[in-house]
Amino acid sequence: MHLTLHADYSLRVLLYLATRTGRPVSTQEMADAYGISKHHLVRVVQTLAGQGVVDARAGRSGGVVLARAPVDIQVGSVLRAAEPDFHLVECFDRERNACPIAPACGLKGVLDEAREAFLAVLDRYTLADLLRRSRPNLQDYFLPTSEP
């Protein structure tokens with residue numbers, strides 16, 4: 001199982017915003033704090049805004065803030081929205097499946113069960129849970145940024 005960068009960055013954005021309550025945060029600030037592409041983060045923020053997890057406002061006084069309390073943001077839901085699919089193997093994609101043994105193979109069912117178990121675990125956790133499981137000084141681990 002491997003999450004895309006989009007899903008990884010989605011969770012990172014939420015963790016960053018949760019440690020910066022009370023003020024809007026620019027995508028540039030988050031990109032600097034993680035040492036990652038601002039362009040990619042803009043798309044991540046769009047996904048999260050479309051999900052209603054963050055509010056994003058453009059302009060000089062704009063920025064990104066959590067739209068919901070951390071206790072109301074489920075990790076499993078965020079990942080489902082951020083991942084284009086959870087096709088663990090070729091046969092999960094009916095349109096592109098060219099595996100000759102797919103009709104007779106028992107692997108797909110086992111992998112499907114494992115995927116569902118993975119998502120079920122993530123569904124039990126919220127952003128608040130992630131914050132509780134993090135070190136109290138999580139924000140000290142972000143790279144220095146030029147913004148407050």
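**View 1. Lys 108 over the ring of Phe 92.** In this predicted model, the charged end of Lys 108 sits over the ring of Phe 92, 5.8 Å from its centre. A charge sits over a ring here if NZ of Lys or CZ of Arg is within 6 Å of the ring centre and within 35 degrees of the ring normal.

**View 2. Tyr 34 meets Phe 142.** A search of the whole structure finds three aromatic pairs (ring centres of Phe, Tyr or Trp, the latter by its six-membered ring, within 6.5 Å). In one of them, the rings of Tyr 34 and Phe 142 have centres 5.2 Å apart and planes at 90°, so the pair is edge-to-face (planes over 60 degrees apart; under 30 is stacked, the rest tilted). Tyr 34 belongs to helix H2 (residues 27-34) and Phe 142 to the segment after helix H6 (127-133), so the pair ties together parts 108 residues apart in sequence. Helices are DSSP runs of H or I, at least four residues, numbered from the N terminus.

**View 3. Around Tyr 34.** Together with Tyr 16 they form one aromatic cluster, and Arg 12 lies over the face of Tyr 34, at 5.4 Å from the ring centre.

**View 4. Glu 83 and its neighbours.** Glu 83 is found in the loop between helix H4 (75-82) and helix H5 (107-123). Its side chain reaches the backbone nitrogen of Thr 4 at 2.7 Å.

**Notes.** Residues are numbered from 1 along each chain as its sequence is written, and side-chain values use heavy atoms, without hydrogens and water. Local features need pLDDT of at least 70 and side-chain atom pairs count only at pLDDT 80 or more, while totals for chains, interfaces and linings use all residues.

Conventions. Helix = DSSP H or I, 4+ residues; strand = E, 2+ residues; numbered from the N terminus. Polar contact = N/O pair within 3.5 Å; in protein donor to acceptor, adjacent residues only side chain to side chain.
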